Amino acid sequence: MSTPNYPPAETREDLAKNLQAVQDRISSAAQRAGRSPDEVRLLPVSKTIDEAHIRLAVDAGCRWLGENKVQEAHRKWEAMTDLDEVKWSVIGHLQTNKAKFVARFASEFQALDSLRLAEALDRRLQAEGCGLDVFVQVNTSGEASKYGLEPQEAGRFIAELPAFSSLRVRGLMTLAAFSTDEARVRRCFSTLRTLRDQIRQDAPDPAVLEELSMGMSGDFEWAIDEGATVVRVGQAIFGPRLLPDSYYWPAAGTDS
């Protein structure tokens, strides 16, 4: 994985071109893996992107938007409630005292990693009278800087989640190692797929773990080859970000 040269995205035409290019890469990767492109959902990641450019992206065809920082996402949602065709996915670490924001606007939460957070979300969702699709985050890289459950903890954790009736468990999510070593990155993805398959063998309803959210702009084709059903792509659509990934994906123990 070489240092990427992400395309600009200033106009609707730029965004439409970038979206199509990513969709074409998804299709090609899926076909190479012997899979249908329809098995892979593109989640455009709009963190740090301003309202004007998000509106252009929606006009260009975005129907999902992924955000890392929940308060930033909530502000954007409030400013764009007229975009009722858009679904919002929160993909970053969440503190329990911010569960109220997710319950108000999100269709999906991809970073569930504690029963305390599950309880807080469930309580807030019941107050709002709605449910939420969730992915359980797993730390497949073994890096202490990353959030997520250890792989050996995931099965027991998922077995506890039926107690929270507002949460609909859809699958697993991971962040691969930030590395140019293809084998190391792929190992993170294959670990998640193997874990999902193992947990499904013992699950009363295997359909609850159909999804694997893994892969970002620099590695999503590898993720598709390893079984991804959701890929989270930001810079390849919206253009390069000004700040490093460490700002958007803070180390474990820091505020999100």
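In which loop does K47 lie? Select K47: this residue lies in the loop between β1 and α2 (51–60), where helices (H or I, at least four residues) and strands (E, at least two) are DSSP runs numbered from the N terminus. The model is predicted, so local features need pLDDT of at least 70 and side-chain atom pairs count only at pLDDT 80 or more, while totals for chains, interfaces and linings use all residues. Residues are numbered from 1 along each chain as its sequence is written, and side-chain values use heavy atoms, with hydrogens and water left out.

K47 is buried, at a relative accessible area of 3%; buried means under 20% relative accessible area, exposed over 50%, and partly exposed in between (1.4 Å probe, protein chains only). An unreviewed UniProt entry lists K47 under "modified residue: N6-(pyridoxal phosphate)lysine"; such positions are given in the numbering used here, feature names are shortened, and annotations may be inferred rather than shown by experiment.

Next, display strand β1 (residues 41–44), which pairs with β8 in the parallel sense over 4 bridges; pairing requires that DSSP find at least two bridges between two strands. Within β8, V231 is the bridge partner of L42. Strand β8 (residues 230–233) is covered on both faces, with V230 and R232 buried on one side and V231 and V233 on the other.

Remain in β8 and select R232. Its side chain reaches the backbone oxygen of T174 at 2.9 Å and makes a polar contact of 2.9 Å with the side chain of S213. A polar contact is a pair of N or O atoms within 3.5 Å; within protein, one must be able to donate a hydrogen and the other to accept it, and residues adjacent in sequence count only if both atoms are side-chain atoms.

Move to helix α7 (residues 182–202) and select R186. The R186 side chain makes polar contacts with the side chains of E182 (2.8 Å) and E226 (2.9 Å).

Turn now to the salt bridges, each a side-chain nitrogen of Lys or Arg within 4 Å of a carboxyl oxygen of Asp or Glu. The count comes to 18. Among them, D133 pairs with R170, the closest N and O atoms being 3.0 Å apart. This pair links distant parts of the chain, from strand β5 (residues 132–137) to strand β6 (residues 167–173), 37 residues apart. D133 is buried at 16%, whereas R170 is partly exposed at 34%.

Finally, select E143 and K146: their salt bridge has its closest N and O atoms 2.3 Å apart, and both residues are buried.
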